[in-house]
Amino acid sequence: MSRPFRFGVNLLQPASAGEWRAKCRRAEELGYDVILVPDHLGMPAPFPALVAAAEATERPRLGTFTLNAGFWNPTLLAREVATTDALTGGRLELGLGTGYVRAEHESAGLPFGSPGERVDHLRRTVEELGRLLGSDEHRPQAAQRPRVPLLIGGNGDRMLRLSAEHAEIAAFTGARTVPGSTTGQLTPITAEELDERVARWLEFARHREEQPELNLLLQLVIGTEDREAAVQPFLELVPDLTVEQVLDLPVSLVGTPDELAEQVLARRKRYGFTYFTVLEPYMEAFAPVMARVREA
């Protein structure tokens with residue numbers, strides 16, 4: 001039996017208190033199941049933003065998507081997580097990743113490290129959070145027991161193994177960092193490459209009695225009657241791909257609302273994704289798709 005669909009929106013733009021609460025309420029009105037906040041310099045600070053989102057809404061879960069583990073000391077992070085979960089009434093979902101933007105670490109005066117060092121730090125963070133938040137002696141206490149649900153995002157083998165071992169939600173970006181980029185520039189992976197990554201994760205997770213939820217971040221959502229014309233402006237960003245290949249990218253949804261819904265259903269069938277995240281600019285455009293998919 002497939003999991004029910006869940007849909008999240010990642011809110012990227014800083015705002016005043018009133019504006020922030022208004023867009024969180026709008027996300028709830030549109031039917032989003034999860035309100036999410038990233039962890040990048042220049043964007044809202046995750047934990048206070050989620051507490052404000054909780055005050056403005058009643059139904060949605062609230063999550064980090066995803067915390068840059070390199071910004072955080074695990075002991076201090078445990079305090080933030082427990083406090084935020086308590087103040088949001090047990091609605092928090094903790095998303096963690098290694099971080100991928102060197103320039104942000106340099107601006108913060110923090111070491112960036114090699115990919116292997118960043119994964120090592122993330123693993124230590126996950127294990128320490130489990131130890132601290134799982135203890136009845138830890139203060140403050142999170143509202144959710146035995147722990148706040150954990151999402152881990154990444155595509156490399158070590159990240160896939162880590163999420164298969166520890167996460168309730170395994171998140172796939174459908175993209176990789178451009179080699180040599182210090183600003184976190186991403187390039188999408190093809191449908192066939194994502195096939196291989198999901199299959200690899202399933203191999204790592206075969207021991208799990210209850211399979212984690214699978215999440216995909218959608219980078220592009222365009223409502224249009226002319227799919228080919230709509231993606232023409234994006235071809236210069238991916239010069240090695242044809243129009244047909246761009247339309248087939250797992251992270252892109254392009255078409256009429258009915259076509260967009262068909263594409264979401266196809267990604268569930270092909271990969272097993274039931275939890276989809278869209279970026280803030282596409283919050284309104286994606287809303288009609290959610291109702292169609294839930295009725296399918």
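In which loop is Asp39 found? Asp39 lies in the loop that joins strand E2 (34-37) to helix H2 (46-56); helices (H or I, at least four residues) and strands (E, at least two) are DSSP runs, numbered from the N terminus. The model is predicted, with local features requiring pLDDT of at least 70 and side-chain atom pairs pLDDT 80 or more, while totals for chains, interfaces and linings use all residues. Residues are numbered from 1 along each chain as its sequence is written, and side-chain values use heavy atoms, without hydrogens and water.

View 1. Asp39 is buried (under 20% relative accessible area, 1.4 Å probe, protein chains only). Asp39 has no salt bridge (a side-chain nitrogen of Lys or Arg within 4 Å of a carboxyl oxygen of Asp or Glu). The nearest side chain of opposite charge, Arg118, is 12 Å away.

**View 2. Polar partners of Asp39.** The side chains of Asp39 and Trp72 form a polar contact at 3.1 Å (N or O atoms within 3.5 Å, one able to donate a hydrogen and the other to accept it; residues adjacent in sequence count only if both atoms are side-chain atoms). A polar atom of the Asp39 side chain also lies 2.8 Å from the backbone nitrogen of Asn68.

**View 3. Lining of the largest cavity.** Residues lining the largest cavity include Leu94, Leu96, Arg147 and Val148. Strand E5 (92-97) and helix H5 (115-133) each contribute at least two lining residues, and H5 gives the most, with 4 residues.

How values were computed:
Buried means under 20% relative accessible area, exposed over 50%, partly exposed in between (1.4 Å probe, protein chains only). Lys and Arg count as positive and Asp and Glu as negative; His and the chain ends are not counted. On a 1 Å grid over the protein atoms alone, a cavity is a set of points where a 1.4 Å probe fits but cannot get out, and a pocket is an open set with protein on both sides within 12 Å along at least five of seven lines; lining residues have an atom within 4 Å of a point.
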